Amino acid sequence: MEAIGMSTNDLSVYYAEKQAVKRVSLDFRAKQVTALIGPSGCGKSTFLRSLNRMNDLIPDCRITGEIWIRDRNINDKTTDVVSLRQRIGMVWQRPNPFHKSIYENIAFGPRYHGTKNKKKLDEIVEQSLRKAALWEETKDRLHNSALALSGGQQQRLCIARSIAVKPDIILMDEPASALDPVSTSKIEELIAELKQEFCIVIVTHNMHQAARVSDKTAFFLNGEVVEHDVTTNIFTNPQKQETSDYISGRFG
Amino acid sequence: MSAKTANKIATGVIVSVAGLIVLVLAGLLGFILVRGLGHISFDFLTSAPETIRRGGGIGPQLFNSVFLLVLTMIITIPLGLGAGIYMSEYAPANKVTNSIRLVVEVLSSVPSIIVGLFGLLVLVNLFGFGFSLFAGALALTVFNLPLMVRITEQGLRGVPREQKEASLALGLSKWKTITSVMLPIAMPVILTGTILAAGRVFGEAAALLFTAGMSSPRLDFTDWNPFSPFSPLNPFRPAETLAVHIWKINSEGLAPDAKEIAAGASAVLVIAVLLFNFGARWLGRYLHRKFTAIK
Amino acid sequence: MAQPLEKQQAKPHLAEEWVGRIYTLLCIAFLILTIVSIVYFVASKGLSTFFVNHVNVIDLLTGLKWAPDGEPAVFGALPFIFGSFSTSLLAAAIAAPLGFCASVFMVEIAPGFGRKYLQPVIELLAGIPSVVYGFVGLSVVVPFFRDVFPGQGVGIAAGAVVLSIMILPTITTIATDALAALPKGLKEGSFALGATRWQTIYRIVLPTTLPALMTGIVLGIARAFGEALAVQMVIGNAPHIPRSLFESASTLTSAITLSMGNTAMGSVANNALWSLALILMMMTFVFVFIVRWLERRSKL
């Protein structure tokens, strides 16, 4: 099974006349975690959402440049966006499970994509919940409402939901910032596990989290990538002045 | 006069007005129920009206009102949902959409008598449906549609954006997202609004004078064949509804107990509307509690 | 395993998307078709009075006598136009202050109590069918006016009173929303300067919310203008301009309701009624545009 990565070339995002992301070229390797850091409003979330064409939902939003997945530029009119999104999972800052049961939340995607067999679905649900470290806590109440879970559990459920459709890449937009410290560390452990299987891109405003969790880090400022390097380099030996200022807390 | 005195007087006036309004409603309902409840009996609710003798009832009219409501809702709900989904999820943000909104606004302001006249011209005469339940249902659909569209839009707009995005991010199509994720969340709002709309439809008369007609043939309640002219289920027969009947009795009532019949019929109508109103309210509260209690 | 990006696995959801698009588009097209047809049919019937029967437009709009059975037939619609305007405007004049008081009560004076008790009352008033209003008007208001004032009790006053209760919910709801949407800082600033509640209301709240209140009033007038059955039951239906508020009169809607069933389709008399409907419809457009203009102004 070939491991997929993703890369962008000169990607720019415009909201009406305002340019939020300026000609970003980054690559994300398979089985690696890349963190996107930077002060608020620097364009990192906007960039992330472009990767699975989520910004298509925003009127007046224009995206130029290329996004490459396995020799195909997906920022293209002929791309089947719906299929694309099956290969890229997404987790949001605030957990957003469907107003359905825990089981349904996870089975929803695979069932839509063709898996109708109940046994297979049961397997997928169990597997996904195990990978998200949620199985033990939910195996006896799979048919209860997902909304009854705690915030941290709901977020792990959302992660389980996104991996149930077997994506290659998972995008996370500040997945732990709405959670308490205990849940946060559980999520971080989860990410360390998941990277053995997926390519993960995570936006975070918490630098320590980026340092703990990622292999590579990209520093965004005003819509541009100022520096992109192996995480330990960024944090111990940044090449650019702005990077070092941000890391040391001189602004942000 | 000092500012404080003026304030006291103003407050007094305002509170009195509020009390006056409550009194007006109480008086209104009280008048109808006191005058009318006494006249309601099983016989009244099931027997046919008498043109010149006393003792007539409102059976066929009541049935017509209910049947017409059901027919109208069967047509309006899919249409209203569809149009509302279009306006909320598919319509691009441009001048054409603004014009469409204007169209919906105009349609919602058109007096119901004009909708009835339109029905007369097009449904009764041009399409040849004649005075019928079907013509009445279509006229009421036109009357009800703008409200259904607004209700649907309101319901969909209340769905958090992240729910929609979560579904799309899993690779589900937009249509599936709307039907399986968004509509279920919007359902309490849409359902409550629909019940209130049903109440309005039940009490509507002006649109029906010239479409469903002002008469009802002798109905044979044992005949359930929709194609038979005396069957209550035949949608192509004239069907005077309860509201229209009240109007007719008040203008041309020849029976000696016309006033009592009108009062009784009004009481039935008002009770029905109250049921719709309270039902919608109660349902809204129940569903809201059910949804948020899970959190 | 996840599907390749462009293969035929795309088919199932593509078909679904098309179903969704086409279905919703058809529904909205039906809506548009409906209003266009209404305008077309009412206009063509209404205009045929002038083009086919050669009745003079000015004569219709300003003529004082409506005698379709006379020799010669005369079609002066001014009594109806006058009746419609006077009942609607008078109804609004009664309902506007009442509605304003109700909304002030609900938003400023007793919010909890008001929302819990007055709000449902307003909603119930809105839900009562118009024939019931007409019936109560006929049974209570008309006899009362007959006893207290000279005349038959029917007429513009009776119509206006009945209509005012009918449009009260419209005005109250819009006024309440407008008052509730006011930024709190506005009122607090006034109180901090030592103004009483009433002073704050009529010096600050009222002027600021005036465009929205006007919108509510215009919508109320429009509703009253288009009301048919309740008015027809209490107005008296005499086709001339009354000399007092308590003399029998007519409105556009009452004339249509009364006579549409008695005239033959295609006859002059019938076409003239359609012209009344056309006038009614055009006034609807005027009201919608006035409301839109007011809304645009309040956004500034």
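Predicted model: local features only at pLDDT ≥ 70, side-chain atom pairs only at ≥ 80, totals over all residues.
**A walk through chains A, B and C**

A:Ser185 counts as partly exposed because 15 other C-beta atoms lie within 10 Å, where 20 or more would be needed to call a residue buried and 12 or fewer to call it exposed. From A:Ser185 to A:Asn9 the separation is 176 residues in sequence and 33 Å in space, taken from C-alpha to C-alpha. The UniProt record, an unreviewed entry, assigns residues 6-247 of chain A to the feature "domain: ABC transporter". In the model that span is 38% helix and 26% strand, and its end C-alpha atoms are 26 Å apart.

Strand S1 of chain A, residues 6-15, runs antiparallel to strand S2 of chain A, residues 18-24, and four bridges join the two. Within this pairing A:Leu11 stands opposite A:Val24 of S2(A). S1(A) and S2(A) make a hairpin with two residues between them, and in the turn A:Ala16 has a positive phi of about 55°.

Further along chain A, an open sheet is built from six strands in the order S7-S8-S9-S4-S10-S11, with mixed pairing. Its edges are strand S7 (88-91) and strand S11 (224-230) of chain A, each of which pairs on one side only. On average, neighbouring strands of this sheet are turned by 15° against each other when direction is ignored. One of the pairings inside the sheet joins strand S8, residues 169-173 of chain A, to strand S9, residues 199-203 of chain A, which run parallel and are linked by five bridges. There A:Ile169 stands opposite A:Cys199 of S9(A).

Across S7 and S8 of chain A lies helix H6, residues 151-164 of chain A, which runs at about 170° to S7(A). H6(A) has 14 residues and reaches 20 Å from its first C-alpha to its last, close to the 20 Å expected at 1.5 Å a residue. This helix is mostly covered, since 13 of the 14 residues of H6(A) are buried. Just after H6(A), A:Lys166 takes a positive phi of about 55°.

Chain B is described by its helices. It contains 10 helices and zero strands, so that the order of elements from the N terminus, as DSSP runs define them, is α-α-α-α-α-α-α-α-α-α. The C-alpha trace of chain B spans about 70 × 70 × 40 Å along its principal axes, and 50% of the 295 residues in chain B are buried. Among the contacts in chain B with a separation of 6 or more, 75% are between residues 24 or more positions apart.

The UniProt record for chain B, also an unreviewed entry, places "domain: ABC transmembrane type-1" at residues 62-280. In the model residues 62-280 of chain B are 72% helix and 0% strand, and the end C-alpha atoms lie 21 Å apart. The record also lists "transmembrane region" at residues 12-34, 66-87, 99-120, 126-147, 181-202 and 261-280 of chain B. Taking two of these spans, residues 12-34 of chain B are 100% helix and 0% strand with end C-alpha atoms 31 Å apart, whereas residues 126-147 of chain B are 73% helix and 0% strand with end C-alpha atoms 27 Å apart.

For chain C, the unreviewed UniProt entry gives "transmembrane region" at residues 21-43, 89-109, 121-144, 156-180, 201-225 and 272-294. Residues 156-180 of chain C are 100% helix and 0% strand, with end C-alpha atoms 34 Å apart, and residues 272-294 of chain C are likewise 100% helix and 0% strand, with end C-alpha atoms 33 Å apart.

The contact between chain C and chain B takes 65 residues from chain C and 64 residues from chain B. On the chain C side, the helices that each supply at least two residues include H1 (11-51), H3 (78-109), H8 (197-226) and H11 (268-299). H1(C) gives the largest share of that side, 21 residues. By residue type, the side of chain C that touches chain B divides into 45 nonpolar, 14 polar and six charged residues.

Notes: Residues numbered from 1 in each chain as written. Chains lettered and ligands numbered in written order. UniProt positions renumbered as here; feature names shortened; annotations may be inferred. Contact = placed C-beta atoms within 7 Å. Nonpolar A, V, L, I, M, F, W, Y, C, P; charged D, E, K, R; others polar. Pairing = 2+ DSSP bridges. Axes fitted to C-alpha atoms, helices over the stretch in contact; angles between N-to-C directions. Expected span 1.5 Å × (residues − 1).
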